[in-house]
Amino acid sequence: MTNKPIYVTQPQLPKLEELIPYLENIWESKILTNNGPYHQQLEQALCEYLGVKHIALFTNGTVALVTALQTLRITGEVITTPYSFVATSHSLLWNAIKPGFVDIDPITLNLDPDKIEAAITPQTTAIMPVHCYGHPCDVDRIQKIADNYGLKVIYDAAHAFGVQCHSGSVLNHGDLSVLSFHATKVFNTFEGGAIVCPDTKTKQRVDHLKNFGFVDETIVVAPGINGKMSEFNAALGLLQLKGIDEALQKRKAIDAQYREGLAGVKGIHCLSDAGEKVANYAHFPILVRPEYPLNREALYQKLRDNGIYARRYFYPLISDFPMYRGLASAAQSNLPVASKAASEVICLPIYPALSSEQVDSVIELLVS
Ligand code: T4K
């Protein structure tokens, strides 16, 4: 039994004293929200860091997803993955859109491009894939299908902060990409999120929608929501950016340690990358296969009994929750790969402050 519990993640935080000058400025200016100076600075800084043209900050990733769908006026049906956090599909239901679940690729666990076309109906207007665990989807093939059928693509990029694929930032693919800056993410602002937009016109529409639809004091152009990030969260984000490269290096080292320690363990499959040029090591998922002496549930419990609070992301599948399971596309027979992955996966702890000894203690439990 390890002394202190080890959770699947732990947020990275700057030194508290470094935050104080930012707070003093906020207290002095009395600008707490509504596109204040820190908000503007963080949008600019993130565009530069991530290599994207426009970013609109949000209170969280879920409201950003809901707003992204509103931005492009998506209706009808949207093709998506069942192997994700519920927020992905919930954003569709909040827009009265019917999810069309499509199975995932067995190697990357991302939406399988081979299966998308068969799921397109006359009502389909968009595809919402997820860069699961920060591993890029097959963006080129997905775009080709979208172009052929006249569909929009909105990426749920909640896990994909800083990830680069063959063509640079993965966030530049699709019509919009949505980030989460939740406490559990690679880059956090406590709560937060963003929409990455390709042009000023789209960014302007997003900015209206996240501010109730206001264009100016008297003009409201859409039934917008309140999705604005506060100055506190934005200031924290500016500080967090200073530590992000070091945090990513630490994650990379932990990833390497797990891979080395688990390489010879029969029945434990470490998910490989999806060919990204720059990875972010957001999660460390393993698949517990039949050759392993314990099944997934028994291993999950063994870890817990030893103070390791690993998580079964993503089990159950979204399509198995009550508000989705009545859909024809939610049938397990339609989603064999996702169903298998959901029954085998365990995400091991990975975060910058996790020591090499702690990683060893997790590996030891898996090996013994
Ligand atoms: N799309 C995708 C693909 C997503 O994964 C998510 C969120 C979203 C969209 C929506 O974005 P946001 O609206 O959240 O911005 C967590 C997170 O709450 C959620 O943000 C995340 N995905 C999901 C994968 O995981 P839980 O219920 O598993 O979190 P929780 O509270 O059990 O936290 C896990 C562990 O992290 C805890 O055991 C301890 C540690 N922790 C957590 C928090 C919140 C801390 O040490 N400090 C903290 O403040 O959902």
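How does the lining of the second largest pocket divide by class, and how many residues are nonpolar, polar and charged? The lining has 12 nonpolar, 9 polar and 7 charged residues, where Ala, Val, Leu, Ile, Met, Phe, Trp, Tyr, Cys and Pro count as nonpolar, Asp, Glu, Lys and Arg as charged, and the others, Gly among them, as polar.

The structure is a predicted model, in which local features need pLDDT of at least 70 and side-chain atom pairs count only at pLDDT 80 or more, whereas totals for chains, interfaces and linings use all residues. Residues are numbered from 1 along each chain as its sequence is written, and side-chain values use heavy atoms, with hydrogens and water left out.

Pockets and cavities were located on a 1 Å grid over the protein atoms alone. A pocket is an open set of points with protein on both sides within 12 Å along at least five of seven lines, a cavity is a set of points where a 1.4 Å probe fits but cannot get out, and lining residues have an atom within 4 Å of a point. Grid points are joined across faces, edges and corners, and a volume is the space filled by probe spheres set on the points. Helices (H or I, at least four residues) and strands (E, at least two) are DSSP runs, numbered from the N terminus.

The second largest pocket holds about 400 Å³ of space. Its lining comprises 28 residues, of which G162, V278, A279, N280 and Y281 lie nearest the centre.

The largest pocket contains about 490 Å³ of space and is lined by 28 residues, with F85, H159, S180, T184 and K185 nearest its centre. At least two lining residues are supplied by each of α3, α4, β9 (176-180) and β14 (345-348), and α3 provides the largest share, 3 residues. By class, this lining divides into 14 nonpolar, 11 polar and 3 charged residues.

The ligand sits in the largest pocket, the criterion being that more than half of its atoms lie within 2 Å of the grid points. The elements that give two or more residues to the shell around the ligand are α3 (61-71) and α4 (87-93). Of these, α3 makes the largest contribution, with 3 residues. In total, 25 residues surround the ligand, and T62, D156, H159, S180 and Y313 are the closest; a residue is near a molecule if one of its heavy atoms lies within 4 Å of it. The shell divides into 10 nonpolar, 12 polar and 3 charged residues.

Polar contacts (pairs of N or O atoms within 3.5 Å; within protein, one must be able to donate a hydrogen and the other to accept it, and residues adjacent in sequence count only if both atoms are side-chain atoms) were then examined. An N or O atom in the side chain of T62 is 2.6 Å from an oxygen atom of the ligand. For H182, a polar side-chain atom lies 3.2 Å from a ligand oxygen atom. The side chain of K185 places an N or O atom 2.8 Å from a nitrogen atom of the ligand. The ligand taken alone exposes 920 Å², of which the protein buries 74%; accessible areas come from the Shrake-Rupley method with a 1.4 Å probe, and for residues only the protein chains shown count as cover.

The structure also holds 2 cavities of 30 Å³ or more. About 50 Å³ of space lies in the largest cavity, which is lined by Q12, V186, F187, N188, Q240, G243 and I244. This lining has 3 nonpolar, 4 polar and no charged residues. The second largest cavity holds about 40 Å³, and its lining consists of A158, H159, A160, F161, T184, K185, V186, A282 and H283. These residues divide into 5 nonpolar, 3 polar and 1 charged.

Most residues other than glycine have a negative phi, and most peptide bonds are trans. In this model, the peptide bond from Y313 to F314 is cis, with omega near 15°, and F314 is found in the loop between β13 (308-309) and α9 (336-344). Y315 and P316 are likewise joined by a cis peptide bond, with omega about -10°; P316 lies in the loop between β13 and α9. R73, a residue other than glycine, has a positive phi near 55° and is found in the loop between α3 and β3 (77-80).
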